[in-house]
Amino acid sequence: QPAGFPSYRLQVVVPRGVVGLGRNIEVGANVSLVHVGDSTSAFFQPNFKWKFLNKKEDGVAGSLGGILYTPLNKREGVDTYGLIYGNLSKKVNRAYGLRFHIGPYGIVGSTDQFVGPKAGALIGYEQPIHAKASIVADWFSGKNAFGYLTPGISITLPFNGLFNVGYSIGNDTYGGNSTHNRLLFLYYGITF
């Protein structure tokens, strides 16, 4: 969370690696470090994605995937659970044509420790504004750990680099609820 929030503000750092297996399958792992106040929790997150549809000529794609969340420390009272999702996307095939995504997600293997809805929708939007820059937005429905709207900018960098900057707004921050569930989002990645 940006400066100015209370001392218990949330900071999350997630180094990750992803490897392609064949043409349509990716596997990877994240290590999520969640820092709140004076406490840091670590989570291991192996993940996979299968692209079952890819019709470039029509601008249509589809994928299925999943992520396992398991604590590495402070395990007492913390669930190991999975998030599974599906995603269909459509790109308008023209210069600076937009792409939108939609699909379901669900939480599996969790006990009652997962707070909020255990299923919902995910929606994404990409609008190129330059050969190396796009306006992007992602939204997960639900008032839970995944329920955020994150609008931002995505910039292609030299040497196969990508930089995204956005602002995540929790679904529970409207209608008089806390405004503390908002975070600055920064992402940098390199494709080899």
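**Contacts and side-chain pairs in the predicted model**

Pro-151 touches Val-136, Ala-137, Val-165, Gly-166 and Tyr-167, when residues up to four places away in sequence are not counted. These contacts were computed from a predicted model. The position of Pro-151 falls within strand E10, which comprises residues 148-157. With a relative accessible area of 36%, Pro-151 is partly exposed. The C-alpha atoms of Pro-151 and Phe-185 are separated by 9.5 Å in space, and the two residues lie 34 residues apart in sequence.

Charged pairs were considered next. Side chains of opposite charge can pair when their charged atoms come close. A search of the whole structure returned one salt bridge. In a salt bridge, the side chains of Glu-26 and Lys-49 meet at 3.9 Å, N to O. Glu-26 belongs to strand E3 (residues 25-36) and Lys-49 to strand E4 (residues 39-55), so the pair ties together parts that are 23 residues apart in sequence. Glu-26 is partly exposed, its relative accessible area being 34%, and Lys-49 is likewise partly exposed, at 28% relative accessibility.

Aromatic side chains were treated separately. A pair of aromatic rings is described by the distance of the centres and the angle of the planes. Six aromatic pairs were found in a search of the whole structure. For Trp-50 and Phe-52, the ring centres are 5.6 Å apart and the planes stand at 50°, so this pair is tilted. Trp-50 is partly exposed, with a relative accessible area of 41%, and Phe-52 is also partly exposed, at 38%. The rings of Tyr-69 and Tyr-81 have centres 5.2 Å apart and planes at 15°; the pair is therefore stacked. This pair links distant parts of the chain, with Tyr-69 in strand E5 (residues 60-71) and Tyr-81 in strand E6, twelve residues apart. Tyr-69 and Tyr-81 are both buried. Together with Tyr-105, Phe-140 and Phe-146, Tyr-69 and Tyr-81 form one aromatic cluster.

Notes
Residues numbered from 1 in each chain as written. Predicted model: local features only at pLDDT ≥ 70, side-chain atom pairs only at ≥ 80, totals over all residues. Heavy atoms only, no water. Helix = DSSP H or I, 4+ residues; strand = E, 2+ residues; numbered from the N terminus. Buried < 20%, exposed > 50% of the residue type's maximum accessible area, 1.4 Å probe, protein only. Contact = heavy atoms within 4.5 Å. Salt bridge = Lys/Arg side-chain N within 4 Å of Asp/Glu carboxyl O. Phe/Tyr/Trp six-rings, centres within 6.5 Å; stacked < 30°, edge-to-face > 60°.
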